[in-house]
Amino acid sequence: MVVGGKIQEYGEGGRVLVLDLEVRGHNRTPWYLRGKIGKVERCHGAYPNPESLAYGGTGEPTELLYLVSFQMRDLWDDYEGPEADALQADIFEHWLEPAW
Amino acid sequence: MSDSHGHEHAGMAHDEELGYYAQRVRAMEAVLVEKGVVSGDEVERLVNESEARSPADGARIVARAWVDPEFKNRLLSDAKAAVAELGYLESANLPDVVVAENDEGVHHLVVCTLCSCYPTWLLGRPPDWYKSLTYRARAVRDPRGVMREFGLELEGGVEVRVLDSTADVRYLVLPQRPAGTEGWSEEELARLVTRDSMVGVSRPLAPEPVAA
Amino acid sequence: MPGVHDRGGWPTEEPIDQEEHPVMDWEVRMSALLGALRGKGLMRTDEMRRGIEAIEPGKYESMSYYERWAESVESILTEKGVFTREEIDRKMAEFSEGGV
């Protein structure tokens with residue numbers, strides 16, 4: 001599927017790993033999600049890259065932004081709530097890779 | 001002291017003794033206006049615009065969704081376009097918004113752990129607690145504990161879904177319509193919709209019992 | 001180590017302070033000024049965020065929300081050569097000398 005001129009790599013339900021990239025400086029991938037495996041819920045479309053915008057760049061090339069869900073028990077060893085409790089966050093495509 | 005835009009900063013003058021940052025912001029604005037970088041009128045216009053926004057705007061959207069299922073569907077699939085139907089600013093510069101619907105099985109809680117992203121143009125300014133380091137830390141780790149502090153204990157079987165607004169999409173919770181409101185008008189329903197219920201820390205108000 | 005701004009899941013048992021303080025006039029002004037700068041393309045949201053994230057951790061934690069904004073806007077506009085800190089210092093001094 002083509003979204004905003006880009007080929008959408010992850011479909012709904014796709015399992016993805018959030019990478020722990022060595023980015024110095026501004027990025028929008030919280031520490032607590034790095035190295036975690038989640039499931040793609042939707043693709044929001046193509047957005048300018050915040051890591052470029054933050055330093056006066058144009059934000060090009062744009063990136064697909066995915067809403068990814070995670071089980072709370074996968075995020076926190078000591079999570080006491082029900083197993084079904086989840087968290088969703090918006091992650092840019094270069095921070096994701098397929099997981100099985 | 002002359003004022004370049006010809007009217008007094010009545011607000012600023014009321015601050016008994018401006019703190020360091022208040023003074024700094026006043027100086028920055030003055031320098032920027034003097035250099036022609038921004039216009040004082042534009043700043044005034046934005047001040048007025050911000051004062052015009054409040055949770056009542058979000059409440060109207062929620063009430064409309066409660067009474068009009070087709071509007072609700074449009075809201076859930078393209079919230080930016082749907083809210084434009086109600087006369088809200090639709091501009092390419094405004095962030096995208098997604099509406100997350102609560103139902104019997106799911107309750108949403110919105111946070112921005114990295115800064116304090118919030119659908120300000122639909123709800124007005126975020127409350128201090130939303131921006132606090134404590135909320136940002138705990139909402140993603142102990143959402144039920146956070147909700148409990150706001151007086152909300154979810155029934156068994158209801159899944160919590162925390163939304164961390166990490167990118168350019170803002171989230172608005174569409175709470176469940178309270179029971180006992182059949183036949184109510186949109187205006188009456190909107191009065192039950194609190195700001196906190198659209199963030200997810202609590203539920204809308206319950207209808208008051210009718211006097212016997 | 002997460003950046004000081006990357007707060008998700010930081011350990012704390014502290015209850016959330018629900019007291020709401022009325023917004024101060026200078027904070028409203030700050031917000032509007034930021035909007036005007038954004039409108040002129042002089043401040044991208046991600047530049048603002050980057051400026052806030054660069055605040056020294058001890059300061060970040062003790063500053064209020066709008067104080068961080070003010071600090072970031074001054075840093076970013078100085079970086080871009082829109083003004084100098086000395087110009088701001090001089091204007092501040094002018095206001096002080098002139099009274100209100």
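Which residue in S3(B) is the bridge partner of Ala89(A)? In this predicted model, the partner is Asp164(B). This pairing belongs to a set of four bridges that join strand S6 of chain A, residues 86-92, to S3(B), and the two strands run parallel.

Chain B has 212 residues, of which 42% count as buried. Its secondary structure consists of twelve helices and four strands. When contacts in chain B between residues at least 6 apart in sequence are considered, 68% of them join residues at least 24 apart.

Toward chain A, 15 residues of chain B are in contact with 18 residues of chain A. Strand S3 of chain B, residues 159-164, gives the most to the chain B side of this contact, namely six residues. By class, that side comprises seven nonpolar, two polar and six charged residues.

**Contact between chains B and C**

In this contact, chain C contributes 47 residues and chain B contributes 47 residues.

H1(C) gives the most to the chain C side, with twelve residues. The residues of chain C on this side divide into 23 nonpolar, ten polar and 14 charged.

Terms used
Residues are numbered from 1 along each chain as its sequence is written. Chains are lettered from A and ligands numbered from 1 in the order in which they are written. This is a predicted model: local features need pLDDT of at least 70, side-chain atom pairs count only at pLDDT 80 or more; totals for chains, interfaces and linings use all residues. A residue is buried if 20 or more other C-beta atoms lie within 10 Å of its own, exposed if 12 or fewer, and partly exposed in between; C-beta atoms are placed from the backbone. Two residues are in contact if their C-beta atoms, placed from the backbone, lie within 7 Å. Ala, Val, Leu, Ile, Met, Phe, Trp, Tyr, Cys and Pro count as nonpolar, Asp, Glu, Lys and Arg as charged, and the others, Gly among them, as polar. Two strands pair if DSSP finds at least two bridges between them.
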